[in-house]
Amino acid sequence: MERYFIFKYSRERVIEIENNKLKQSLVEKFGNQEKAAKALKISRSSLNQKLNGKREWTAKQIQLLVCMFDISSSDIKTLFFDQKC
């Protein structure tokens, strides 16, 4: 049980770090989250919720981000998918 908790905590920390990198990349590319959200055709609030793990990314949004930032397949799994299975 303890090991699972440690793994889960570590996984959440990795996701947080990766999401921070994605936030930074979006701001660097577009200037701010408002413009980044517009490029993804979503509201700024929605983008913020997605970056904070409160809403899920759609396949189309993931595809846009992969193309914009040349995200590797291993990073796609870390950023966008919960690897419980």
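Over which residues does pLDDT stay under 50? I looked this up before anything else, as the model is a predicted one. The stretch is residues 1-9, and I found zero contacts beyond four places in sequence for it in the model. Where pLDDT is low, the predicted coordinates should not be read in detail. For the chain, I noted an average pLDDT of 77, with 75% of the residues scoring at least 70.

Entry on helix α3. I located α3 at residues 44-51 and listed its buried residues as S46, L47, K50 and L51. These lie on the same side of α3, because they cover an arc of only 135° around the axis. Just after the helix I came to G53, whose phi is positive, at about 75°.

Entry on Q61. I found Q61 within helix α4, which spans residues 59-69. Is Q61 buried or exposed? I recorded a relative accessibility of 8%, so Q61 counts as buried, the cut-off being under 20%. I then followed the side chain of Q61 to the backbone nitrogen of T58, which it reaches at 3.0 Å. Leaving out residues up to four places away in sequence, I listed L40, I42, K50 and E56 as touching Q61.

Entry on T78. I placed T78 in helix α5, residues 73-80.

Technical notes:
Residues are numbered from 1 along each chain as its sequence is written. This is a predicted model: local features need pLDDT of at least 70, side-chain atom pairs count only at pLDDT 80 or more; totals for chains, interfaces and linings use all residues. Side-chain values use heavy atoms; hydrogens and water are left out. Buried means under 20% relative accessible area, exposed over 50%, partly exposed in between (1.4 Å probe, protein chains only). Helices (H or I, at least four residues) and strands (E, at least two) are DSSP runs, numbered from the N terminus. The arc is that of the directions from the helix axis to the C-beta atoms. A polar contact is a pair of N or O atoms within 3.5 Å; within protein, one must be able to donate a hydrogen and the other to accept it, and residues adjacent in sequence count only if both atoms are side-chain atoms. Contact means heavy atoms within 4.5 Å. pLDDT is the predictor's confidence in each residue, from 0 to 100.
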